[in-house]
Amino acid sequence: MAWRNPWYNPAISHHTPEGFSNSTSVAHQAGDVKRWRKERKAAGLPRPPSSGYTGFIEQWWQKANIIGDDDGLWWLGHASMLLRLQGQYLLTDPVFSHRASPVSFAGPQRCTPPALAIADIPQLDAILISHNAWTVRALLRRFPDVHFFVPLGVGDWLRRRGAQHVTELDWWQSFTFQGMTSTAVPAQHWSMRTLWDRNRSLWCGWVIESSTQRFWFAGDTGYTPELLTIPQRLGQLDTIALPIGAYAPRWFMAMNHMDPQSAVALWQQLGAPLAIPIHWGVFELADESLDEPVTELQQALTETAAENDNFRILKIGQHLPFC
């Protein structure tokens, strides 16, 4: 019997009977994946960083030091961040494993070491997932009562791995937990854990509202004007985390991954709030070198006429206090 989407609502544009879709019609053509892989292999991509992998780590990595009690965040690499808000700790898209993959023997390998060990996380109140989740069992062993916030369709997968507290949300749905409100917001991406479950679970970003901060974790998304509706509906954003990696070649990746130029354009359209770039620096998921996203971001910020001090480029493991 064919799988049917149990959340399907024909009145909602990103719902389909078979799963979920992006609000705008974006899709690859037949043969695009084969073409990309063929061109990637022929060109020998991705190439090492300009200073080599050791040089990249020396320049862009440091061990995260979780001290103090003020609100702020630590970027842990890729899309993983540890946030401290109102004395609580929240973790986004945790990837502490050696590979970005559901299995240990295949998938993109980590190129930079974890900036933080799970044993060194002082406490963990909530984990927010944008689409697919990894490193779940190890986190649950350390924090069995942690609360997961996930898009529709991810909950059962987490419960089978021992999660006791899971809140699944559709776009624009909110849940208040320990005095803070988390809202699932649109993103342009896809989901898949196996060859048989493509787009059966939803993808999203998250807006987290505390008494002093409205923080947007964009997760994994391509650029779409729909992202501009987030502050229109939820209010002005204080701090944002925008993805800048896994964009090459642009003809293939742009649908699902922002490049640095798109991130800067979106940042300006949002009024240039405090921003940090994420989704780079750990895994070689696309054709650009490990250091190309930040190099292109620095160039894009230099070329813009706006003050760019509010777009903070962090090292992996670096701390950013919220003002």
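Reader: Where is H78 found in this model?
Author: In this predicted model, H78 is found in the loop that runs between β3 and β4, the latter spanning residues 80-85.

Reader: And what is phi there, positive or negative?
Author: Phi of H78 is near 55°, which is a positive value in a residue other than glycine. As background, most residues other than glycine have a negative phi, and most peptide bonds are trans.

Reader: On peptide bonds, then: which bond is cis around P46, and where does P46 sit?
Author: The cis bond there joins L45 and P46, with omega at about 0°, and P46 itself belongs to the loop between α1 (32-43) and α2 (52-60).

Reader: What about the bond from A248 to P249, cis or trans?
Author: That peptide bond, from A248 to P249, is cis, and its omega is near 0°. P249 lies in the loop that separates β13 from α6, a helix covering 250-253.

Reader: Let me go back to β3. Which strand does β3 pair with in the antiparallel sense over 3 bridges?
Author: Strand β3, residues 72-77, pairs with β15 in that antiparallel sense over 3 bridges, and within this pairing L73 stands opposite L320 of β15.

Reader: What is the strand order in the sheet of 7 strands?
Author: That open sheet has the order β8-β7-β6-β5-β4-β3-β15, and its pairing is mixed. The edge strands are β8 (165-169) and β15 (319-321), each of which pairs on one side only. From one strand to the next, the twist in this sheet averages 20°.

Reader: Starting from β9, how many bridges pair it with β10?
Author: β9 and β10, the latter made of residues 180-185, pair over 4 bridges in the antiparallel sense, with T176 standing opposite T181 in β10.

Reader: How do β11 and β12 run, parallel or antiparallel?
Author: Strand β11 (residues 205-209) and β12 run antiparallel and are joined by 4 bridges, and a hairpin of 4 residues connects β11 to β12. E209 stands opposite R214 in β12.

Reader: And for β12 with β13, which sense is it?
Author: β12 and β13 pair in the parallel sense, over 3 bridges, and W216 stands opposite I240 in β13. To get from β12 to β13 the chain crosses through helix α5, residues 229-234, and this β-α-β crossover is right-handed.

Reader: Where is the place of L228, and what is L228 in contact with?
Author: L228 has its place in the loop between β12 and α5. Once neighbours within four places in sequence are set aside, L228 is in contact with Y223, L266, Q269 and L270. For the pair L228 and Q269, which are 41 residues apart along the chain, the C-alpha atoms are separated by 7.7 Å.

Reader: Changing topic, how many cavities of 30 Å³ or more are there?
Author: The count comes to 3 cavities of 30 Å³ or more, and the largest cavity has a volume of about 90 Å³.

Reader: Which residues are closest to the centre of the largest cavity, and how does its lining divide?
Author: The largest cavity is lined by 14 residues, and of these the closest to its centre are A246, W280, G281, F283 and E288. By residue class, the lining of the largest cavity divides into 7 nonpolar, 5 polar and 2 charged residues.

Conventions
Residues numbered from 1 in each chain as written. Predicted model: local features only at pLDDT ≥ 70, side-chain atom pairs only at ≥ 80, totals over all residues. Heavy atoms only, no water. Pairing = 2+ DSSP bridges. Helix = DSSP H or I, 4+ residues; strand = E, 2+ residues; numbered from the N terminus. Right-handed = clockwise from strand over helix to strand, strands pointing away. 1 Å grid on protein atoms, 1.4 Å probe; cavity = no way out; pocket = protein on both sides within 12 Å on 5 of 7 lines; lining within 4 Å. Points joined across faces, edges and corners; volume = space filled by probe spheres on them. Nonpolar A, V, L, I, M, F, W, Y, C, P; charged D, E, K, R; others polar. Axes fitted to C-alpha atoms, helices over the stretch in contact; angles between N-to-C directions. Contact = heavy atoms within 4.5 Å.
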